[in-house]
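Hi everyone, thanks for making time this morning. I'd like to walk you through one structure, so please have a look at it before I start.

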Amino acid sequence: DRVDLVRIEGCFHRFHLQCVHRDWFMPRKSEKDSYGVVVKFPLPEEKRCPICRKDVSDKEVEYIKSQFQEHPEVDDHGYDSNQ
């Protein structure tokens, strides 16, 4: 059992814990496209498997949040501008 991996129970796809956490919970910066239009990247309201797009239960979303909080060693501060 690796603490840096999680499995989506409904479809059995496996992911790095930090990757799923980033995709579902970490806000992204807005960017301007080549025409000067601001492009926003909102957080998804409904959490889905990044591969098959199957809905993930609220219980599973809470489990992934708790795993990330229990294992801070897997966070690489990928979206943290202070690192």
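So, what covers the buried residues of α1? The cover includes β1, β2 (14–16) and α2. Before I go on, some housekeeping. This is a predicted model, where local features need pLDDT of at least 70, side-chain atom pairs count only at pLDDT 80 or more, and totals for chains, interfaces and linings use all residues. Residues are numbered from 1 along each chain as its sequence is written, and side-chain values use heavy atoms, with hydrogens and water left out. Helices (H or I, at least four residues) and strands (E, at least two) are DSSP runs, numbered from the N terminus.

Back to α1, then. This helix is mostly covered, with 7 of its 9 residues buried. Buried here means under 20% relative accessible area, exposed means over 50%, and partly exposed is in between, with a 1.4 Å probe and protein chains only. The buried set is Leu17, Gln18, Val20, His21, Arg22, Trp24 and Phe25.

Now for α2, which runs over residues 58–70. Its 13 residues reach 18 Å from first C-alpha to last, close to the 18 Å expected at 1.5 Å a residue; that expected span is 1.5 Å times one less than the number of residues. Which residues of α2 are buried? They are Glu60, Val61, Ile64, Gln67 and Phe68. Looking down the axis of α2, you find these buried residues within an arc of 125°, so they line one face of the helix. The arc is taken from the directions from the helix axis to the C-beta atoms. As a reminder, an α-helix has 3.6 residues a turn, so residues three or four places apart point the same way. Turned away from the buried side of α2 is a face with the exposed residues Asp58, Lys59, Gln69 and Glu70. The buried residues, for their part, pack against β1 (5–7) and α1 (17–25).

That brings us to the largest nonpolar core, which has 14 residues. By nonpolar core I mean a set of buried Ala, Val, Leu, Ile, Met, Phe, Trp, Tyr and Cys residues joined through side-chain atoms within 4.5 Å. Touching the most other members are Ile8, Leu17, Val20, Trp24 and Ile64. Both α1 and α2 supply at least two residues each, and the largest share, 4 residues, comes from α1. If you click on Ile8, you will see that it touches His13, Phe15, Trp24, Cys49, Val56, Glu60 and Ile64, not counting residues up to four places away in sequence. Contact here means heavy atoms within 4.5 Å.

Last topic: charges. How many salt bridges does the structure hold? There are 6 salt bridges, each one a side-chain nitrogen of Lys or Arg within 4 Å of a carboxyl oxygen of Asp or Glu. Glu46, Arg48 and Asp55 are linked in a network. Glu46 is exposed, at 52% relative accessible area, while Arg48 is partly exposed at 31% and Asp55 is partly exposed at 48%. Another salt bridge joins Asp23 to Arg28, with 3.4 Å between the closest N and O atoms. Both ends of that pair count as partly exposed, Asp23 at 29% and Arg28 at 25%.

That's my tour, and I'm happy to take questions.
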